[in-house]
Amino acid sequence: MSHVQKLSQVTAVLGAQWGDEGKGKLIDVLAHSFDVCARYNGGSNAGHTIVVENKKYAFHLMPSGILNPNASCIIGNGTVIHFPTLEKELQSLENNGVSWKGRLFISDRAHIVFDFHQTIDGMGEKELGSGKLGTTGRGIGPTYCEKANRSGIRVGDLKNFNAATFKTKLTKIAESAHRKFNFEYDVDAEVARYEKISQLFGETIVDGVYWINEQHARGKKILVEGANAALLDLDFGTYPYVTSSNPTVGGCLTGLGLSHRKLGDVLGVVKAYTTRVGEGPFPAELFDAVGEEIRKKGGEFGTTTGRPRRCGWLDTVVLKYSCLLNGYTALNLTKLDILSGFEQIKIAVAYKYKGEVLPYFPANLDVLGAVEVQWEVLPGWTEDISACKTVAELPKNAQSYVKRIEELVEVPIKWIGVGAARSALIES
């Protein structure tokens, strides 16, 4: 029996590093054995790329499980939604023959990202100068700020749209933003725009807490899809160079309204090396030709922004911290094929600070930026592994690399990615 068939009724797939690990492919593969695919955090600042029969799909807000024609998808209350972006994404799916009507549901407790949020997001980054955070400029942070400030507008306001009420709320938050930033914004035009949006999406809006728990009560299998990753978590990541939500396991619960008693397997997706986008310390980063080769071979450019990703060897200090936070029951190691051709492969196994090995992942960025990385060196392999279907078909050194990661983090690797296509996934 495959690992897919053994998975819990509610299974979560989370990013184990700084994002861009390739979660989309595992989600796509698993979704065909689940009835519901649920997105619980973030917004259009995230992206999953899936390749099916040489056709590439780029998701930003939609749960990747929409490619399973028998699955329903919900965008949960923990997300923030820019509806014009979602509309374009849905149109792209329709153009590729993927039907979403009657299958997409949106929690009425999710918050709305407006165009001016994107405007002030970019202006805020510019204002920070050399201290910029490296945001995507998609308005995610400003929207979460309003949510925390209890002044945001929720998706439920689109369900039974009242133009006068909507205008009053929108005027209030736009004027508040305008007191800090100077920008042009036509509230009346935006209200008219969202009246049309309410007509398009009105039937998709549900009480998310009731909806997802009702699916569970009916015995439906639910795949929880995380955006971003553990080291970008607002609380546990490399703050302030983080996202504005909680991509760790706790966000699965608060972002959907599910009880912890209902969550079963938690699967971590980890690249065979490490990447991150944006600013912030990155101890295992490579600044040499090897790092550039990994970037080129791995196509390490952001799905959402196109920004080049910073690349480095696998960092198991990061990975063990991520395992501690999320309690992964299994891992998916992705992009192992990218490491083919390197004579030696390094693994970061510890951090030293002022001569002492740190027993934890430091929150203080001055400390993190000054650590001395302790490396373990393994022999590489030259063989092309993209056609391998089993672990036994992998070169011995590739098998040893996978086994060593398991030993270091003490979590089994159940899936190994050896290429971009849906089929290029070894079940171990």
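**Rings, core and strands**

Colleague: How many aromatic pairs does the count come to?

Modeller: The count is 17 aromatic pairs, taking rings of Phe, Tyr and Trp (its six-membered ring) with centres within 6.5 Å; planes under 30 degrees apart count as stacked, over 60 as edge-to-face and the rest as tilted. This is a predicted model, where local features need pLDDT of at least 70 and side-chain atom pairs count only at pLDDT 80 or more, while totals for chains, interfaces and linings use all residues. Residues are numbered from 1 along each chain as its sequence is written, and side-chain values use heavy atoms, with hydrogens and water left out.

Colleague: Why is the pair of F114 and F116 stacked?

Modeller: Their ring centres are 6.2 Å apart and the planes are at 5 degrees, so F114 and F116 count as stacked. F114 and F116 are also buried (under 20% relative accessible area; exposed is over 50%, partly exposed in between, with a 1.4 Å probe and protein chains only). F114 and F116 belong to one aromatic cluster with F161, F166, F183, Y185 and Y194.

Colleague: And W381 with Y401, how many degrees between the planes?

Modeller: That aromatic pair is tilted, with 50 degrees between the planes and 6.2 Å centre to centre. Helices (H or I, at least four residues) and strands (E, at least two) are DSSP runs, numbered from the N terminus. W381 counts as buried at 3% relative accessibility, and Y401 is buried too, at 1%.

Colleague: Switching topic: which residues touch the most other members of the largest nonpolar core?

Modeller: Y328, L336, L339, Y351, L394, Y401 and I405 do, in a core of 75 residues. Such a core is a set of buried Ala, Val, Leu, Ile, Met, Phe, Trp, Tyr and Cys residues joined through side-chain atoms within 4.5 Å. Its largest share, six residues, comes from helix α14 (residues 396–409). Another core, of 56 residues, lies apart from it and includes L7, F83, V98 and W415.

Colleague: What is L394 in contact with, leaving aside neighbours within four places in sequence?

Modeller: L394 is in contact with L336, I385, C388, Q399, I416, V418 and I426, where contact means heavy atoms within 4.5 Å.

Colleague: Now the sheet. What order do the strands take?

Modeller: The order is β9-β7-β5-β2-β10-β1-β11-β15-β19-β20, an open sheet of 10 strands with mixed pairing; two strands pair if DSSP finds at least two bridges between them. β9 (205–206) and β20 (425–427) are the edge strands, each pairing on one side only. Strand β19 (residues 413–417) and β20 pair in the antiparallel sense over three bridges, and W415 has E427 in β20 as its bridge partner.

Colleague: What about β2, which strands does that pair with in the parallel sense?

Modeller: β2 pairs in the parallel sense with β5 (residues 72–75) over four bridges, and with β10 over four bridges. V36 stands opposite S72 in β5, while R39 stands opposite E225 in β10. Both faces of β2 are covered, with V36 and A38 buried on one side and C37 and R39 buried on the other.

Colleague: Last one: is S423 buried or exposed?

Modeller: S423 counts as exposed, at 53% relative accessibility. S423 is in the loop between β19 and β20, and its C-alpha is 8.9 Å from that of K389, 34 residues apart in sequence.
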